[in-house]
Amino acid sequence: MGGFGSGPQSNQPATSEARRVDIRYLRKRGLLQPSCAGRLNWSCRGEPTGSIRYRVEQNGETLVLDYRVREPGAEWEQITIAVPLESVPCRYGGGRQYFCCPNRRCNRRCEVLFSCGVYFVCRKCCGYLYPSQKGDKLDKLREARDTLGARIFEDWDGSYGWQKRKGMHWRTFERLSRRYRAIDASWNKTYCDMARELLGGDAALHF
Ligand SMILES: [Zn+2]
């Protein structure tokens with residue numbers, strides 16, 4: 001299978017190497033129903049590079065992630081994270097589930113959790129926790145993305161939004177959304193490169 005977490009357009013091996021959990025993948029496959037459980041796998045060029053266990057608890061209100069990590073020179077450590085799930089009404093009816101960042105001081109709504117140290121957090125928290133030589137580029141991309149996001153999304157919360165700003169023409173919104181997604185993709189690519197450097201390829205996460 002392709003790299004887990006690379007999203008609906010998952011024929012993109014470039015993004016499959018960094019460890020991410022993408023709620024779009026889980027939604028699309030109906031894996032967020034109460035009591036769902038299983039294993040999520042990452043791969044790189046067809047080779048498995050890690051996996052974690054997940055289960056949906058509290059009648060669909062929490063996604064529990066279970067995995068082992070080993071930091072360089074240390075023993076294996078068992079980690080369990082409870083990720084709150086939030087259901088948000090859709091424009092066309094029904095609800096759509098989102099993660100809330102497991103960093104309790106953040107709790108931001110998000111679609112992708114990034115492996116950061118031994119935890120998984122939203123990209124905003126991850127940006128703060130991952131200083132590196134690529135940090136400048138990442139900061140610039142984040143700034144560009146967030147400035148545009150604040151301009152075009154009605155429900156922009158500082159790092160995420162999807163509703164068209166009131167009064168903006170749909171055509172304008174669609175054009176700027178495409179630009180937003182392009183910047184976001186570029187952010188992801190930079191993040192993945194950085195994470196790969198920091199994690200030393202296939203190190204760190206294993207179950
Ligand atoms: Zn966060």
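Predicted model: local features only at pLDDT ≥ 70, side-chain atom pairs only at ≥ 80, totals over all residues.
Residues are numbered from 1 along each chain as its sequence is written.

Now switch to a cartoon view. You'll find 4 helices and 10 strands in the protein chain. These are DSSP runs numbered from the N terminus, with helices being H or I of at least four residues and strands being E of at least two. Walking from the N terminus, the order is β-α-β-β-β-β-β-β-β-β-α-α-α-β.

Next, select β1, β8 and β9. They make an open sheet of 3 strands in the order β1-β8-β9, with antiparallel pairing. Strands pair if DSSP finds at least two bridges between them. β1 and β9 are the edges, each with a single partner strand, so one side of each has no neighbour in the sheet. From one strand to the next, the twist averages 25 degrees, taking axes as lines fitted to C-alpha atoms (for helices, over the stretch in contact) and angles from 0 to 180 degrees between N-to-C directions.

Zoom in on the bridges. β1 (residues 20-22) is joined to β8 by 3 of them, and β8 to β9 by 3. Click phenylalanine 114 in β8: this residue is the bridge partner of arginine 20, and its bridge partner in β9 is valine 121.

Stay on β8. Are its residues buried or exposed? 5 of the 5 are buried, so β8 is largely enclosed by the rest of the structure. (Buried means 20 or more other C-beta atoms within 10 Å of the residue's own, exposed means 12 or fewer, and partly exposed is in between, with C-beta atoms placed from the backbone.) Val112, Phe114 and Cys116 point one way, while Leu113 and Ser115 point the other.

Of its 32 residues, Leu113, Phe114, Phe120, Val121 and Cys122 touch the most other members. Elements giving two or more residues include β8 (112-116), β9 (119-121) and α4 (170-199).

Last stop: phenylalanine 120. Leaving aside neighbours within four places in sequence, its contacts include Val21, Leu65, Ile81 and Pro102.

Technical notes
Core = buried A, V, L, I, M, F, W, Y, C linked by C-beta atoms within 7 Å. Contact = placed C-beta atoms within 7 Å.
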